[in-house]
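This briefing is meant for a reader meeting the structure for the first time. Please look over the sequence and the model before turning to the points that follow.

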Amino acid sequence: MTISSSLLYARKIFFSKTNRGAEKSSGQRSLIGAVVCIAVSLIPLVAVLSVSSGMISGITGRMIHLSSQDIQITVPDDSAYTESQEAFLSLESKFSGIEGVLKIYPEVQGMALAAGNSYRSGASLRAVEKNIFTDNQYFSSFFETVEGKADLSGSRNAVIGKKLASLLKVHAGDSIKIITIKSGEEKIKPKVSVFTVSGIVSCGYEELDALWVFIPLENAFTTLKGRTLDFHIGLETDSTFTPKLDRILVDSRIAVLSDMECMDSDVEDWKTVNAAQFENFASTRALLIVIMLAIILAASINISSAIVMVVMDRKKEIAILKSTGASSSGLALSFVMTGLFTGLCGIAIGIPIGLLISININPIISGIEQIVNLGLSLFHAGQVKFLDPAFYLQEIPIVIPWSELLLIVGCTVILSVIMSILPSLKAGKSSIIEVLSKN
């Protein structure tokens, strides 16, 4: 029995009825059920992988480009470069000539107490260049201006996060007090600085920007001078997610070591600065894939039971084929191919539907949220928000994980074949005399 003959018989098993004109046999119904099970298991798998990829990609992008940058150089606060704004900005020339570095962002960070109209809250001060919200492509794309304008042109302007504005009960145009502490040998000296809120912004992920207060860089060397501050130089590169970033990191360290005034600076890439968060993302994603593969394994067991039902339906047909010269291995191959067809059909149905759901996940979630809130309003219950920015992104970026999908498709095909082998071998070894004597 040739491979082409086995393929033709597998096609007949999968598409033809046991008896002409009769209804579908129990074996064929089992095959259809197995196809449905495979498809149903793949649909949520594709959706979950796409949603998790979008979430992780969106959060990762915001952490890197709004906070740490691709490479972060932390300059010691006792360096000569931190004595004045001009000296600090002169550090840019040390890194501008490095191949792969696109832009350089000097920044001074510190902790403070922010006071609004009726509330106080801890705040993370970020003294940045005045034009960062327009010149930095990621600031302009990731940040949404909720109120006012993200404008730091005034020396006493401040741009604050949406969550902090809510806590302080302030709006664009209001004043806030920034209280910083200078620790001396004998006593603690607080200093109060007043800023005008020019704009309220949100990057869509509250955990990241909840306490951010952006102020012009010059204030780090006037208002905040003498306080405990962190001086950073952020490097935006063209190789955020490629191995080339390691070479740029080495070149940056060489540039630092060449100057006695900043040779003690820490030079780290984004993977080191955000190591804890990204390890958490990686482990969560790996766990999701393992769970979903387990679901596919459970669904593929239906292929084994479906092949058993098909063999029972076609015992007489198998015996006749063997009596006319069909080999046991050829018949077994036919049933293995049937299992393979079943898996491929499940893939052909499940993957496209899963991708369709993934592409439209934001309107789907929004629609479900509206329906749920409509139902809750009938009972005068509180409203729910599925994508709460305190925990998730407000809108899920659409990211299709093609490499993971290829892995899932490959695993599904392999499992379909494996689950078909045992019942197919039993079908090939069935006795002609035993089958025909019972009929």
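Alanine 427 is found in helix 15, which spans residues 402-428, where helices (H or I, at least four residues) and strands (E, at least two) are DSSP runs numbered from the N terminus. With a relative accessible area of 1%, alanine 427 is buried, a word that stands for under 20% relative accessible area, while exposed stands for over 50% and partly exposed for values in between (1.4 Å probe, protein chains only). The C-alpha atoms of alanine 427 and lysine 315 are separated by 8.0 Å, although the two residues are 112 residues apart along the chain.

The model is a predicted one, in which local features need pLDDT of at least 70 and side-chain atom pairs count only at pLDDT 80 or more, whereas totals for chains, interfaces and linings use all residues. Residues are numbered from 1 along each chain as its sequence is written, and side-chain values use heavy atoms, with hydrogens and water left out.

**Overall form**

- The secondary structure of the protein chain comes to 16 helices and 10 strands.
- The radius of gyration of the protein chain is 32 Å, well over the 22 Å that the globule rule gives for 439 residues, so the chain is more spread out than a compact globule; this radius is taken over C-alpha atoms, and the rule is 2.2 Å times the number of residues to the power 0.38.
- Taken along the principal axes, the box filled by the C-alpha atoms of the protein chain is roughly 105 × 65 × 40 Å.
- Of the 439 residues in the protein chain, 45% are buried.

**Salt bridges**

- A search of the whole structure finds 5 salt bridges, each being a side-chain nitrogen of Lys or Arg within 4 Å of a carboxyl oxygen of Asp or Glu.
- One of them joins lysine 94 to aspartate 259, with the closest N and O atoms 2.7 Å apart; because lysine 94 lies in helix 4 (residues 92-95) and aspartate 259 in the loop between helix 9 and strand 10, the pair ties together parts that are 165 residues apart in sequence.
- Within that pair, lysine 94 counts as partly exposed at 26% relative accessibility, whereas aspartate 259 counts as buried at 11%.
- Another salt bridge is formed by glutamate 218 and lysine 130, whose closest N and O atoms are 3.2 Å apart, and this pair links distant parts of the chain, 88 residues apart, with glutamate 218 in the loop between strand 8 (212-216) and strand 9 (230-237) and lysine 130 in the loop between strand 3 (120-128) and helix 5 (132-135).
- Glutamate 218 is partly exposed at 27% relative accessibility, and lysine 130 is partly exposed with a relative accessible area of 36%.
- Arginine 247 and aspartate 251 also meet through their side chains in a salt bridge (2.8 Å, N to O), and because they are 4 residues apart in helix 9, they are separated by about one helical turn.

**Surface patches**

- A negative surface patch is formed by Asp77, Asp78, Glu83, Asp230, Glu261, Asp264 and Asp266; patches are made of residues with over 30% relative accessible area and no salt bridge, joining like charges within 9 Å and nonpolar side chains (Val, Leu, Ile, Met, Phe, Trp, Tyr) within 5 Å.
- Glutamate 261 has its place in the loop between helix 9 (244-257) and strand 10 (266-269), and at 41% relative accessibility it counts as partly exposed.
- A nonpolar patch on the surface is formed by Ile364, Ile368, Val372, Val384 and Phe386, which together have about 340 Å² of accessible area, a value that comes from the Shrake-Rupley method with a 1.4 Å probe.
- Valine 372 lies in helix 14 (residues 361-378) and is partly exposed, with a relative accessible area of 31%.

**Backbone angles**

- Most residues other than glycine have a negative phi.
- Glutamine 69, in the loop between helix 2 (26-68) and strand 1 (71-75), has a positive phi near 65°, and glutamine 69 counts as buried at 5% relative accessibility.
- Lysine 169, which is not a glycine, has a positive phi of about 60° and lies in the loop between helix 7 (162-168) and strand 6 (175-183).

Notes. Lys and Arg count as positive and Asp and Glu as negative; His and the chain ends are not counted. The place of a charge is taken as NZ of Lys, CZ of Arg, CG of Asp or CD of Glu.
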